[in-house]
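Here are a few exercises to work through with the model open in your viewer. Try each one before reading its solution.

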Amino acid sequence: MSEHRSPVPAAPRERLFFNAFVMNTTSHIHHGQWRRPDAQQHRFNDVETWIGLARLLEEAKFDAMFFADVVGLYGDAEADWSVYVAEGLQIPSNDPTVLVGALAAHTTHLGLAVTSNVFQQHPVNFARQLATLDHLSKGRVAWNIVTGTQDNGYRNFGHEALADHAERYRWADEFVDVTYKLWEGSWDEGALVQDKAGSRHADPAGVHKIFHSSPRYRVEGPFLPSPSPQRTPLLFQAGSSGPGREFAARHAEAVFLVAPSPEIARQQIEETRALAASYGRDPYDLTFHQGLSFVIGDTEEEAAAKFADYQRYVSSDGYAAHAALVDKAGRAYPADTPLSQVDTNTAKGFLENLRRHITDREPTVGDLALQRLRDTVVVGTPERIADTVERWRAAGIDGVNVINWVIPGSFEEFADKVLPVLRARGLAQEEYAEGTLRRKWFGGDRLPARHPAARYRGAFTHGPRSWAEAAARDREAARGDSRQDSGGSRQDSGSSRQGSGVPLLDAPAALAVAERLAGEFAEGAAARDRDRVLPFAQLGRLARSGLLAVTVPRAFGGPGLPASVVAEIVRRVSRADPSIGQIPLSHFVYVNQLRLQGSRAQQERLFGEVLAGRWFGNAQSERGTKHVRDFRTTLTRDPAGEGWRLDGTKFYCTGALFADWIPVLAHLGPEGPLHVAWVRGDADGVSVTDDWDAVGQRTTASGTATFTDVAVGEEWITDYAEVFDGPTTYGSYAQLVHAAIDTGIARAALDDAAAFVTAKSRPYPDAVALHGITRAVDDPVVVHTFGEMELAVRGTEALLAAAGRAVDAADGALSEESAAAASLAVAAVRASSARVSVEVASRLLEVAGTRAALSAEGLDRHWRNARTHTLHDPAAWKVQHLGRWAASRLLPPRHGQL
């Protein structure tokens, strides 16, 4: 058996990879060129066309032959689609997975990459196909993971329409998880014995069922193919949007770029490498391959003339049809549509790049086709082309996907004229290394141990033997490996699950992660609010990100980040979706309460839970009492033994529905002092009901939690009242985070107002008549209103930052004076943020006009969210305490609302 060693830690590479980017169709990228006399791509149905090209590429020492693919037409699925057929624009086209089997038999070293969409077949069948190809090619297969951009493609497979952009990547995560389990975990190393003398073909103890269950797939296993040379094929990915880069950071080994400039490529590469590091991968486990076309001449004049000749064959209709952008209903945008008015599920990465590239004016949909043609074409002599390639290399790319004008001529010319110059500069390989494609690129046959697929190696050796056992294990995993009976005396040793911790983030990393997640959470926020879709998936990503663990003290293994950083994290997330910003508020507050009042044993256990990715909810407020700080929930002595029994009903229990632990505020004994009972969310007698139906903050699930005779051990009760016996930052910390939510809402409302007025509002007739205004955003009345709103929001943001510093200072040197200073600073921002968030959210509708009030626009959610959240505590009392300090130097009271 050959040696299968893992790749060594990666580093920047000296030479570049060169891949031929092709498609089993007539018109792939450069439309109209198939009509040239020297073009042979129209012979795509003839296997000899591809065998000849593969042999040419291998002779020229290309690294790989990369096949694109689609499963449907581009553009508006309801519109006339004859242009695609007339142009041969990726119709007809054939399955590259079948073709690669033939090419594997006629090549020895050339990598063979196939594109396959996660929705076009079941992962079991696909995994089997790729494993078979990897066997046949002796380990030279790669998979380009795509999620699709064609509405028609989704309809071809029984779906009504193209799935939401973020949802497609969640689908991809689920799909690859199944394939990883099959490729990496179903067969142990050495299980294929093939012992003729002993009459034993494989070792049954080394072959396992996987019992995978997820929303879309239920797969029992075992995997039918034995492990192929690479097990998992080398993984390509081409998404350049936020979710696409996230997916690449977790999974990809090779990322296909179509950046319009080296500068934008550098930015995308650096961002994705940083994301990979945040997921525990080596940043250089990823390679980046820029798509480029080349027009080659022995002189600059010859190259220019050749390019002019190519231009004669260009099909403008083909380029326009290929670049067609559709809205979420499947309708195509006209070419003159400004990008600010585009709301699409497709090509989001291309649009982001275009916005970065065209900064002197508002880019349009039509610019997208022109950019693809102009900015990735290199015209010149071999030496000039090599100079340009070096500039791209300096930007951080690891390879080039060579895009052809004609087949085979473009590749013949590149091989004969450009590759020798690149080799002379050390930029292209002279000979192939031996072994699999991954060994050629990374030094080993298998994915490194830091890749997520590697966690399934050996994972099923002692795995479940039935679906019932698998379901039981899933339930046990959901409860956590360190089980705790929240009412009894039984307790497993250890403070948390081992080996399953979240990333530990310093302040810059935490803020970067918050900004990245905010970008994801903003997508679909309006729809979640409108349809009241609870953000379970988003909260899962938040829990896994490490952000919920940032305040765990360093003495207990956490980052120990200060209140100011927490406030900025919450502000950024709330700017995207304030419901998601509010849900973990109580988590941070009770981590702080545990820090201030918890016993050492409680801190070790519960901080360990947080570091393992679990979080705290909230069961504090009640309805029907005399005032908001009057509580009836009570802990009474258990008459049957040691411990206590918890009974009561709580409302406004934000986060409880999603939480692993629910801290419950209750009297210790009838009329006794307030304490916190730490109760597991799945404990007997705990019921959390999603009956929250407020006008705003609709997806916080801030409903009812009922506790009926819940057993609570003595060790899971923390004093609460004592926290206010001396100077404390407990209340100012909580109110700081509340202010961050309001501040995020205010900024989001202002941003959305600007975007709406720029793209959709019409100018007022008086502005047109008196000032010749043609755009609403240039109306002087509108500009002045925006100035007033910006001033108010900036002021609140400055107060939030100042309050964060005051709380940090008080935590560092606590005294009556420092605690009072923190409370007063927080009172100022709380009063300001409450007023400004409601005011700006209201003025959004005023300045944007009647259309902005339509429910389909979703802009009213900002006012509803602000109005609902600011009702938590009366801002007027914050002003009262500020006034008492200003007039009489009276210190503010100590309680949880200040």
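Helices here are DSSP runs of H or I with at least four residues, numbered from the N terminus. The model is predicted, so to speak: local features need pLDDT of at least 70, side-chain atom pairs count only at pLDDT 80 or more, and totals for chains, interfaces and linings use all residues. Residues are numbered from 1 along each chain as its sequence is written, and side-chain values use heavy atoms, with hydrogens and water left out.

**Exercise 1.** Find where T436 sits, and decide whether T436 is buried or exposed.

*Solution.* Start with the place: T436 is in the loop between α14 (409-424) and α15 (437-442). Next, the relative accessible area is 5%, so T436 is buried (under 20%; exposed is over 50%, partly exposed in between, with a 1.4 Å probe and protein chains only).

**Exercise 2.** Which residues does T436 touch, leaving out those up to four places away in sequence?

*Solution.* Taking contact as heavy atoms within 4.5 Å, you get K138, G139, P229, Q230, G444 and D445.

**Exercise 3.** Work out how α24 (residues 730-759) and α26 are arranged.

*Solution.* The axes, lines fitted to C-alpha atoms over the stretch in contact, come within 10 Å and cross at roughly 160° (angles run from 0 to 180 degrees between N-to-C directions). That makes α24 roughly antiparallel to α26 (over 145 degrees).

Notes
Helix = DSSP H or I, 4+ residues; strand = E, 2+ residues; numbered from the N terminus. Parallel < 35°, antiparallel > 145°, perpendicular 65-115°, else oblique.
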